[in-house]
Amino acid sequence: MDQIPDVSITCSEVRIQVPWGHISGRWYGDQNERPIIALHGWQDNCGTFAKLAPLIAPYRSLLCIDLPGHGHSSHLPPGILYHNTEYVRVILRLMQIYKWKKVSLMGHSMGGSIAFHFAALYPNRVDMVISLDIIKNVYWPTDVVPTLLAHVTEKAIIDNERLLNNSDASEPPSYTFKECEQLLYEGSQKSVDLENCKYILERNITKSELYPDKYYFSRDGRVKYLSEFNPNTGMALEMAKRICQKAIPYLVIKGGESTNVSAKTTELDEYMSKNNHCFESYMYPKGTHHLHLNNAKPVAQIIIGFLQKHDNEASKVIKSKL
């Protein structure tokens, strides 16, 4: 029988109360120190950091969370539209709960875009950003945006009505674990190596009560139609200016084989590079969009080097290990 692997050995599960339920996650390393908050990509979960986080935790602890609607975190109430500004507010909620005056952020894909938005809105509250295969999501062409927003808004209403329809109480389609692996592998455009799909699936699927040895995808289907605050180039540059003026240490690591459109170098990359002396950008030649999961060791080495330069506490630990 296919089994979900146990990948929680090197960390502690956390459950943080919020008004609509809870935010789940994994805390790697010392829970007495302020961690790096790690934000996953769209439709993934904190399992995306299962191989990277243990490598970084000896130098700096990490709190890897499942964003609302993903992983083991609560879904937003029926009738609510998922929006990426709510994910920005999640960071504010964590700061309030833990009484942190500043945060360190790490994000992959959508998570990296959220980190950019937060750093631009609250530059005085961020001491560093680590972004994986993205700076921010690409802006859709202006002639496409109205049609896209109309589709997303209407589809979200349909999905919410489905949630409220008690007569439709059957389980979603179920699959064997190997079929789930294949679906994730193909769905990621083969970005997640097949042998690494298990780390994301562990928090993305639930065992079927109807069919033995099968699972169904349990993330909130409404996140597929997430609405976005996604500034165009002009506004993105204004937001980047706020980050650069504070010289926030900012690391971007991209995959040389990534097919994700948001990973392409843009005017924003060039602006950040020219105007922030603490901005660093690396290209890992063999990396796909999920390079942090497939190539955890070389990515961790780059991040640890960045911490050595810009994180006082991590620097002390790194030097002690040299």
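**Entry 1: helix α5**

I looked up helix α5, residues 177–187, in this predicted model. Its buried residues are F177, C180, E181, L184 and Y185. Viewed down the axis of α5, they fall within an arc of 135 degrees, so they line one face of the helix. On the face turned away from the buried side I found the exposed residues K178 and G187. I then listed the packing partners of the buried residues of α5, which are β7 (174–175), α6 (197–201), β8 (205–207) and β9 (215–217). Just after α5, Q189 has a positive phi of about 60 degrees.

**Entry 2: helix α2**

I next checked the span of helix α2, residues 84–98. At 1.5 Å a residue, its 15 residues should span 21 Å, and the end C-alpha atoms are 22 Å apart, which agrees. The buried residues of α2 include Y87, V88, V90, I91 and L94. Among the elements that the buried residues of α2 pack against are β1 (12–18), β2 (21–28) and α3 (110–121). K99 follows α2 and has a positive phi, near 60 degrees.

**Entry 3: residue E280**

Leaving aside neighbours within four places in sequence, E280 is in contact with Y250, L251, V252, F306, K309 and H310. With H310, the side chain of E280 makes a polar contact, side chain to side chain, at 3.4 Å. I also noted that the C-alpha atoms of E280 and L194 are separated by 30 Å.

Definitions and conventions: Residues numbered from 1 in each chain as written. Predicted model: local features only at pLDDT ≥ 70, side-chain atom pairs only at ≥ 80, totals over all residues. Heavy atoms only, no water. Helix = DSSP H or I, 4+ residues; strand = E, 2+ residues; numbered from the N terminus. Expected span 1.5 Å × (residues − 1). Buried < 20%, exposed > 50% of the residue type's maximum accessible area, 1.4 Å probe, protein only. Contact = heavy atoms within 4.5 Å. Arc of directions from axis to C-beta. Polar contact = N/O pair within 3.5 Å; in protein donor to acceptor, adjacent residues only side chain to side chain.
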